[in-house]
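Let's work through some labels together.

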Amino acid sequence: MSPPRFLSVVAFTLLLLMGGHSIAAGQPIWVKPYDTDRLALEAYQPTLETTDDEEVNFPTSAFFLSGSFLFTDQTAVAFDVPFARSSRTIDGATTTDAAVGNPYVGLEISGQRRPLLLEIGARLPAVSDAGAATNVGTLTDFDRREAFDADRFSAQIIGNARLGAGDDLSMRLRAGPLLSVDTEGDDRTDVIALYNLQAWFEGDRFLIGAGITGRTVTTGGGSFGGRSTFHGGLSVIFDGARIQPGVLIKTPFSSNVRDEAPLAVGLTLSTSFWTE
């Protein structure tokens, strides 16, 4: 997809969504949905494939601190700060690596007539060198792999739609383009289609969400399967008045990711402390 075509997709998405109703949280996607004025912490531990003489030490994990805060009735500022740590022991020698990822900052905008949300944001290129920690971060949360890409700036415009399917059940559709640009003078620029479908059950005390997320590189050659990755996720959240702890299990459907990290288990904690 060329840059002009990318801009056309952006413009179409803007026109489509400028009639939304009630902001639904856009970043991240596995904590309590449809929440505003939130602060969230996510911690994910992957199961990594190892050799016979290799051991993965705890914590070899990825972490995200994120927030979304209203400054008008229909607009919120959103951010996340990623962090990853790797620790392995090979033949008795332990190596440890840690890295702060590329931070995200953006806006979440809704209108007045439809239950839709628009995310406009970018990740700033804070990672200059790829290493063991950034590799752990990428494998742990491939849906947000731009959080740990070295020397890359990325910008996205994502549409969210909430569809009611009964008193306690809703569907969440989320899709849009992401532009990834090399910051070291390389001409490689990728346009990536992001999309996911989730179903959420909202009970009196618990929220249960299940869904599929996907990403497809639209630039370059190769088959659709070779340019795409897919993950399945299941989230269970205790819906407290101010604090919402949760557990998340994610698994990749794509063999190239599954061979390296077949499962990731996470703990999430979000707070709606500022919501009256």
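Here's a rule to start with: buried means under 20% relative accessible area, exposed means over 50%, and partly exposed is in between (1.4 Å probe, protein chains only). This is a predicted model, where local features need pLDDT of at least 70, side-chain atom pairs count only at pLDDT 80 or more, and totals for chains, interfaces and linings use all residues. Residues are numbered from 1 along each chain as its sequence is written, and side-chain values use heavy atoms, with hydrogens and water left out.

Q: Why is phenylalanine 230 called partly exposed?
A: Its relative accessible area is 24%. Partly exposed is the label between the buried and exposed cut-offs, so phenylalanine 230 gets it.

Q: What about phenylalanine 224: what makes it partly exposed?
A: Phenylalanine 224 has a relative accessible area of 47%, so the label is partly exposed here too.

Q: What kind of aromatic pair do phenylalanine 224 and phenylalanine 230 form, and how do you know?
A: Rings of Phe, Tyr and Trp (its six-membered ring) pair if their centres lie within 6.5 Å; planes under 30 degrees apart count as stacked, over 60 as edge-to-face and the rest as tilted. These two rings are 6.3 Å apart, centre to centre, with 45° between the planes, and that makes the pair tilted. Phe224 and Phe230 also belong to one aromatic cluster with Tyr195.

Q: How many aromatic pairs turn up in the whole structure?
A: The search finds six.
Q: Why does the pair of phenylalanine 64 and phenylalanine 148 get the name it has?
A: The ring centres are 6.0 Å apart and the planes stand at 75°, so this pair is edge-to-face. Phenylalanine 64 is in strand β3 (residues 61-72) and phenylalanine 148 is in the loop between α2 and β8 (152-164), so to speak distant parts of the chain, 84 residues apart. Helices (H or I, at least four residues) and strands (E, at least two) are DSSP runs, numbered from the N terminus.

Q: Are arginine 215 and glutamate 146 buried or exposed?
A: Arginine 215 has 6% relative accessibility, so it counts as buried. Glutamate 146 is at 6% as well, so it's buried.

Q: What does the salt bridge between lysine 250 and aspartate 143 tie together?
A: The closest N and O atoms of the two are 3.3 Å apart. Lysine 250 lies in strand β13 and aspartate 143 in the loop between α2 and β8, so the bridge ties together parts that are 107 residues apart in sequence. Lysine 250 and aspartate 143 are both buried.

Q: Which salt bridge joins arginine 162, and how exposed is that residue?
A: Arginine 162 bridges to glutamate 202, with the closest N and O atoms 3.1 Å apart. The pair links strand β8 to strand β10, 40 residues apart. Arginine 162 has a relative accessible area of 33%, so it's partly exposed, and glutamate 202, at 26%, counts as partly exposed too.

Q: What makes Glu42, Asp141, Asp143, Arg144 and Lys250 one network?
A: Salt bridges that share partners join these five residues. The structure holds 15 salt bridges.

Technical notes: Salt bridge = Lys/Arg side-chain N within 4 Å of Asp/Glu carboxyl O.
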